[in-house]
Amino acid sequence: MGVVNVWAGMFLLLGLGLECTAAESILEMLEKRTQYSQFTSLLKSNEGLHNAYLDNYVTVFAPSNDAMDAFKGLKDENFILNHMVSSSISQADMGERLTSLMQGHPPIWVRMITSNLYVNQARVVFTYALESSSGKKQFLYLIDSVLE
């Protein structure tokens, strides 16, 4: 019985070690998702306030390439900030309303329809709990539409 406990402890330690070394930031995760490359490129190519948040506690709602193609508006710093919240918010901690970082702080409305999570009109396709390079918790929500 003692051998079983030792092996279980080793597996637990190995699992924890892998979890720690596998920590990724929002940009690192997005760079691996080709269907989100347009938003990723926008984050990386624009200077602005959003850069300070990408290494901090933050929640990002990343629209797919199809959503970016369908959106005919301006894709600038305000566009980026409209898809960001200044704290790290898991799905379990979301209320009915979040506040975006865009000037004027427009709301991001949150609702569940059947088993699907929606932010404004966008459906959340996948959620990642991540970590910045400085060790701060972050959340990335992949969405099927631009937040309007």
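Select Phe61 first: Tyr141 in strand β7 stands opposite this residue. Strands here are DSSP runs of E with at least two residues, and helices are runs of H or I with at least four, numbered from the N terminus. The model is predicted, so local features need pLDDT of at least 70, side-chain atom pairs count only at pLDDT 80 or more, and totals for chains, interfaces and linings use all residues. Residues are numbered from 1 along each chain as its sequence is written, and side-chain values use heavy atoms, without hydrogens and water.

Now colour residues 137-143, strand β7. Six of its seven residues are buried, meaning under 20% relative accessible area with a 1.4 Å probe, protein chains only. β1 runs parallel to β7, joined by six bridges. On β6 (residues 122-131), look for seven bridges to β7, in the antiparallel sense. Between β6 and β7 lie five residues, making a hairpin; Gly135 in the turn has a positive phi of about 85°.

Zoom out to the sheet. It is open, with seven strands in the order β2-β1-β7-β6-β5-β4-β3 and mixed pairing. β2 (84-85) and β3 (97-99) are at the edges with a single partner strand each, so one side of each lacks a neighbour in the sheet. Strands count as paired if DSSP finds at least two bridges between them. β1 and β2 pair antiparallel over two bridges. Select Val60 and find Met84 of β2 opposite.

Last stop: helix α3, residues 37-45. Phe39, Thr40, Leu42 and Leu43 are buried there. They cover an arc of only 160° around the axis, which puts them on the same side of α3.

Conventions: Buried means under 20% relative accessible area, exposed over 50%, partly exposed in between (1.4 Å probe, protein chains only). The arc is that of the directions from the helix axis to the C-beta atoms.
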